[in-house]
Amino acid sequence: MATAAIRLFRKLEGLFCVYKPPGVHWKLVRDTVETNLLKGLNDTVPRPVAREVRFMLSQSSTEASDAPKALTLSAASVPVLSEHPLVTGPEFQQIQVGVGHRLDTFSSGVLVLGVGNANKVLNDLHNTRVTRDYTVEGEFGVATADFSNQGRIVERSTYEHITRDKLERVMAILQGANQKALFMYSRVDMRSQEAYEMAVQGRLGPEEKSVPILLGLRCIRFEPPNFTLEIQCLNETQKYLRKVVHEIGLELRSTAVCKGVRRTRDGWFTVHQALTRNQWTSAEVMNAVQQYHVNKKRRGTRELKDPELHGKEGDITTSQNKANRRDAVN
């Protein structure tokens, strides 16, 4: 019969997402979650200690004090000390908590974790073509060695000539170049009907691991020298996104530095579903995993087998981008 800890562990098996704060390594986040889950599992009601029947020798007393005492054999129920918690230790001493697409120390946002058998699903998540959304903050007028505002400053420049229209034109050129890379790595004949239908439906993408590709790029805040971009991408790294901010500054005949990278969506996991630091408990994780299983049934069991479905969730590209795809195909 399964114990309360084992039943709780079965409810914890699945995928969930947490919010990784900036300045914290992803390994520390994973280890903290794992420690809290182990504590929650071992705080459950322990299984009762097994008992066994043993025959004990005892001396029977006689009325005559000088008479020898007789030995008698009596049955007694005693606990099995080899199975006592003080001997065996906690029922769960280690659990496997896997990490999905990682975030570097400088970045923050959605970090997908998996418990137990769900680590196999994390492998499928890596192999499928899932898109991710980021909110990237930048600042004009400064350039650093590592493209972040914490790096060594190597250049300062003016930025008063930069307008929102100029910024959007540069982003349109950058997105067009990435659109060509998307077609090149998709391994589909661009003159075929299949390519046209995939481009219209937004299902065109690289079949295998490719260079980072920007699928959507728009400015959501422009207050010089500060600006904020919303980016949807594939196969990216946070360092690459900081480099994009740097290149945008160069194209505008200025310089730019990245002040922050925040992941708002990873596949079907959004920042609204992410558990914050005070929610990294077994009870909150169990609720998040159960919600994941409910959403998975709604999406259908074929979602992981068909990676083309992932690109449709949270797509920040507009109908104008779809029109550009049709023009590029034709």
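**View 1. T72 within strand 3.** T72 lies in strand 3, which runs over residues 70–79; helices (H or I, at least four residues) and strands (E, at least two) are DSSP runs, numbered from the N terminus. This is a predicted model, in which local features need pLDDT of at least 70 and side-chain atom pairs count only at pLDDT 80 or more, whereas totals for chains, interfaces and linings use all residues. Residues are numbered from 1 along each chain as its sequence is written, and side-chain values use heavy atoms, with hydrogens and water left out. With a relative accessible area of 34%, T72 is partly exposed, a class that falls between buried (under 20% relative accessible area) and exposed (over 50%), as computed with a 1.4 Å probe on protein chains only. F55 is 17 residues from T72 along the chain, and the C-alpha atoms of the two residues are separated by 9.8 Å.

**View 2. The chain as a whole.** Nine helices and twelve strands make up the secondary structure assigned to the chain, and 44% of its 330 residues count as buried. Among the contacts in the chain with a separation of 6 or more, 73% are accounted for by residues 24 or more positions apart, where contact means heavy atoms within 4.5 Å.

**View 3. Helix 1 against helix 2.** The axes of helix 1 (residues 4–12) and helix 2 (residues 26–42) come within 9 Å and cross at roughly 145°; axes are lines fitted to C-alpha atoms, for helices over the stretch in contact, and angles run from 0 to 180 degrees between N-to-C directions. Helix 1 contributes A5, L8, F9 and L12 to the contact, and helix 2 contributes L37, G40 and L41. By class, the contact of helix 1 with helix 2 has six nonpolar residues, one polar residue and no charged residues, where Ala, Val, Leu, Ile, Met, Phe, Trp, Tyr, Cys and Pro count as nonpolar, Asp, Glu, Lys and Arg as charged, and the others, Gly among them, as polar.

**View 4. Helix 1 against helix 8.** The axes of helix 1 and helix 8 (residues 282–299) come within 8 Å and cross at roughly 50°. Helix 1 and helix 8 are therefore oblique to each other, given that angles under 35 degrees count as roughly parallel, over 145 as roughly antiparallel, 65 to 115 as roughly perpendicular and the rest as oblique. L8, K11 and L12 in helix 1 meet S282, V285, M286, V289 and Q290 in helix 8. Sorted by class, the residues of the contact of helix 1 with helix 8 comprise five nonpolar, two polar and one charged.

**View 5. The loops on either side of strand 10.** Most residues other than glycine have a negative phi, and most peptide bonds are trans. The peptide bond from P224 to P225 is cis, with omega near 5°, and P225 is found in the loop between strand 9 (213–223) and strand 10 (226–234). N235, in the loop between strand 10 and helix 7 (238–251), has a phi near 55°, a positive value in a residue other than glycine. At 17% relative accessibility, N235 counts as buried.

View 6. G249 is found in helix 7 and is buried, with a relative accessible area of 0%. Not counting residues up to four places away in sequence, G249 touches F140, S254, T255 and A256, and its C-alpha atom is separated by 8.9 Å from that of L167, 82 residues apart along the chain. R253 lies in the loop between helix 7 and strand 11 (256–266); its phi is near 60°, a positive value in a residue other than glycine, and with a relative accessible area of 75% R253 is exposed.

**View 7. C219 and C233.** C219 counts as buried at 8% relative accessibility, and C233 counts as buried at 0%. The count of disulfides comes to zero, a disulfide being a pair of cysteine sulfur atoms within 2.5 Å.
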